[in-house]
Amino acid sequence: MENSENQIEAKITPNNRQIIDKLSFLATAEGLKRCMDDVDFYLDIVSTFVEDNVLEQLKNCYFSNDWNGYRVKVHALKSSSAYIGAEELRAKAKRMEDAARQGDVEYINLNHHQLLALYEEVLRSIDAVLPKRINTEAGTQIKRFTIFVVDDSRMNCQVVYEVLSGTYNIKEASSGAELFAQLEAGVMPDLVLLDIHMPGEDGHDIIRKLKSNEKYVNIPVVFMTIDSDLSLELQGFEEGAVDFITKPLNPALLRARINRILDLYYLQTNLQEEVQIRTQAIVDKSQQMATMLEQIVQALANTIDAKDKYTKGHSDRVSKYTVMLAERMGYTEDQLIHIKYAGLLHDIGKIGVPDEIINKPAKLTDEEFAIIRSHPGIGGDILKTITSVGEVYEAARWHHERYDGRGYPDRLKGREIPEVARIIGVADAYDAMTSSRAYRNSFCQTRVREEIEKNLGTQFDPLVASHMLQIIDEDKDFKLHE
């Protein structure tokens, strides 16, 4: 402890040492502690005590019998006296504040002139020994947060400025009216330090107005008070205050609490924005991946169709018909995307079939037809590792199965065949009948309908095929085919 005091003493210049000694009528040791043992800071506060005194205001309130205003002014005097270590004056001011709160005018009349006499003596004593001091402006670095100090005591405002201006932009208002005037002018704070006891609107009035306005409702409000009344604190929290700071303000505690509150405020106010940014990044990435996947699938489908010069666009058309059928069957948007891919890739196994067999204009031999019939198995082998879109494998392997069990490659029957393969089986057959081949022309719409209706329950799933018949009936001008 002695070493700490020696270190403080070593920081005091000879000139300041003389001033501190002359202020011996004050508890300067206590005042220095409140100013983090910063002598210049403390002497600035003492200067402000003289410059912004409430002597005339006290007199005016007394002579006009404004006891509420009187209470506010002696409250401010109590607080500022505590800052500088004017203990006797602080104690008298507290007793007068209690009397004003209780409406004890008799006590005020008996003691008012004694209070003023002591106050004037302290002011004269300080003024006699303390030279006028010049406060320098804070640095010009960019500060992230703005704090409004709302207090009719210039000293309290200066304490906040001295402690926080190096980190934050500090704005001042001496009343609620001045605060709201600046707010309406567009000066938006990130935090409001609000004195409870002020003339006119007090802190409770001001916070209620802030919280009732959607523009200001989210601004954190910290009450400043010299009172230690639990009921007042509870009232303040109910009104929306985030914290209380007791006067006289302890610089270290003030800085720590404000830093904590604003750090939390920053996290809260930016969390949603950060979530939106990150979510949008994920969405953008997902959209990029989805676009890339679709482009790859489309490229594969084009490669498949390029092998068969007679059925160009077959995969695209089957995919379109498949989506139309799935929509009628109640598939979701995500499921329709998978169905679309399944339709585009259902014939991927034809990559393993020689071009001369696919494009042979004459009738295929049994051996050649067996090779053609191998393409579902080849397609299944190619796509079986794509587990995230299982439909593409099912479609490729089983789109030539028949509902009656006489299809290939596995002779599945009825609902043993995955639904996506049953849907694509109908779509594939429709496109085959409505497309021209080297060995025949496309079927007319009437015949297409007859063939599908005839094969309900044999080649085709009855439910899927009935939806295809509805689509055909709605296509009056036969615009759906190639």
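In this predicted model, five strands form an open sheet in the order β2-β1-β3-β4-β5, and their pairing is parallel. The edges of the sheet are β2 (169-173) and β5 (243-246), each of which pairs on one side only. On average, neighbouring strands of this sheet are turned by 25° against each other, direction ignored.

The side chains of β1 may be considered next. Thr-146, Phe-148 and Val-150 point one way from the strand, whereas Ile-147 and Val-149 point the other way, and all are buried. Because five of the five residues of β1 are buried, that is, under 20% relative accessible area, the strand is largely enclosed by the rest of the structure. From β1 the chain passes through helix α9 (residues 154-164) to β2, and this β-α-β crossover is right-handed.

Two further helices lie across strands of the sheet. Helix α11 (residues 203-211) lies across β1, β3 (191-195) and β4 (221-225), and its direction is at about 180° to that of β4. Helix α12 (residues 230-239) lies across β4 and β5 and runs at about 140° to β5.

Key
Residues numbered from 1 in each chain as written. Predicted model: local features only at pLDDT ≥ 70, side-chain atom pairs only at ≥ 80, totals over all residues. Heavy atoms only, no water. Pairing = 2+ DSSP bridges. Helix = DSSP H or I, 4+ residues; strand = E, 2+ residues; numbered from the N terminus. Axes fitted to C-alpha atoms, helices over the stretch in contact; angles between N-to-C directions. Contact = heavy atoms within 4.5 Å. Buried < 20%, exposed > 50% of the residue type's maximum accessible area, 1.4 Å probe, protein only. Right-handed = clockwise from strand over helix to strand, strands pointing away.
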